[in-house]
Amino acid sequence: DGEVHMNELKNGNTEMFWNPTSEVRRQRLKRHIVLFEEQMDFESERLWQHVTSAINKGDQHKATQEKFVLEEEQRNAARERRESGTEWKPLLFRHDAGTNEWRYKYEDLRPWDPLNDIAQFEKDGILQTMERHLSTRMPNHKATCINNQITRHKRSAKDCRRRKTSDQPSNHSQNTESSCSTPESVQELSDDDGKYLGFESLCAQCGKEMNHLKEIHSAVLSLQKAQQDIHR
């Protein structure tokens, strides 16, 4: 967030290329991190704290020493695993044999959709996106559970229409008609993910996750309203 200048080698002139104003600085995304005392031993800020401290003090020799200590500990741990035949299984990364690189298992490289994507958050090391509609990228068990509910709704709708077209409906079927609620299309069901909370037989895990997402959604909507008020 400092000034950037372009230097013309031919004539030695200097031109301002970028000057971040106070307005630009105010628009920066705020950085949220886990409190240092709540971090685990192998989280970067805690693991590299002595190296960072030495760099901030301008002590390059001390920083190099602390870095060597960390790397030597990693080499020893790798040697012990190799000798004991213990396989290292990364929790959040996978090795790409084609590029010989480590890649994040849960990477989501699709473009941000401002009409559907509300917020991105991290939970247990996994980056997730809060969306207005249920994502087609949801886990298989959750998709199956919801698809079963949609099938039951459609079957119920067909039964309702069948009763409506009966030539001589009984008093009971007439009463049933008035209580039937026939969705016009499956798309209506997906217009608002909160409607899925009304399904009777969502598995316990799905129901818990949907309630959690509903709470996040409500909080985000409240923040959006506050932002709109500020802009006005």
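Modeller: Gladly, and please keep in mind that this is a predicted model. Let's start with Arg-46, which touches Phe-36, Glu-37, Gln-39, Met-40 and Asp-41, leaving aside residues up to four places away in sequence. Arg-46 sits in helix 2, residues 44–47.

Colleague: Why is Arg-46 said to have no salt bridge?

Modeller: The nearest side chain of opposite charge, Asp-41, is 4.6 Å away.

Colleague: Which pairs do count as salt bridges?

Modeller: The structure holds ten salt bridges. One of them joins the side chains of Arg-75 and Glu-72, at 3.1 Å from N to O. That value lies within 4 Å, so the label applies.

Colleague: How are Arg-75 and Glu-72 placed in helix 4?

Modeller: They are three residues apart, so about one helical turn separates them. Arg-75 has a relative accessible area of 41%, and Glu-72 has 28%. Buried would mean under 20% and exposed over 50%, so both are called partly exposed.

Colleague: What makes Arg-103 and Glu-107 a salt bridge?

Modeller: Their closest N and O atoms are 3.1 Å apart, and the limit is 4 Å, so they pass. Arg-103 is partly exposed at 25% relative accessibility, and Glu-107 is partly exposed at 32%. Asp-108 and Arg-110 also form a salt bridge, with closest N and O atoms 3.1 Å apart. Elsewhere, salt bridges with shared partners join Lys-67, Glu-71, Glu-72 and Arg-75 into one network.

Colleague: How do you know that strand 3 and strand 4 pair?

Modeller: Four bridges join strand 3, residues 93–96, to strand 4, residues 101–104. Pairing takes at least two bridges, so the strands qualify. They run antiparallel, and the bridge partner of Asp-96 in strand 4 is Glu-101. The two strands form a hairpin with four residues between them, and Asn-100 in the turn has a positive phi of about 55°.

Colleague: What does Leu-92 touch?

Modeller: Leu-92 lies in the loop between helix 4 and strand 3. Leaving aside residues up to four places away in sequence, its contacts include Arg-103, Tyr-104, Tyr-106 and Asp-124. Leu-92 and Asp-124 are 32 residues apart in sequence, with their C-alpha atoms 9.8 Å apart in space.

Colleague: How many aromatic pairs are there?

Modeller: The count comes to two aromatic pairs. Tyr-104 and Tyr-106 form one, at 5.9 Å centre to centre with 70° between the planes.

Colleague: Why is the pair of Tyr-104 and Tyr-106 called edge-to-face?

Modeller: The centres, at 5.9 Å, are within 6.5 Å, so the rings pair; the planes, at 70°, are over 60 degrees apart, so the pair is edge-to-face. Ring pairs link Phe-93, Tyr-104 and Tyr-106 into a cluster.

Colleague: Are Tyr-104 and Tyr-106 buried or partly exposed?

Modeller: Tyr-104 has a relative accessible area of 16%, under 20%, so it is buried. Tyr-106, at 37%, falls between 20% and 50%, so it is partly exposed.

Note on methods:
Residues are numbered from 1 along each chain as its sequence is written. This is a predicted model: local features need pLDDT of at least 70, side-chain atom pairs count only at pLDDT 80 or more; totals for chains, interfaces and linings use all residues. Side-chain values use heavy atoms; hydrogens and water are left out. Buried means under 20% relative accessible area, exposed over 50%, partly exposed in between (1.4 Å probe, protein chains only). Lys and Arg count as positive and Asp and Glu as negative; His and the chain ends are not counted. Contact means heavy atoms within 4.5 Å. Rings of Phe, Tyr and Trp (its six-membered ring) pair if their centres lie within 6.5 Å; planes under 30 degrees apart count as stacked, over 60 as edge-to-face and the rest as tilted.
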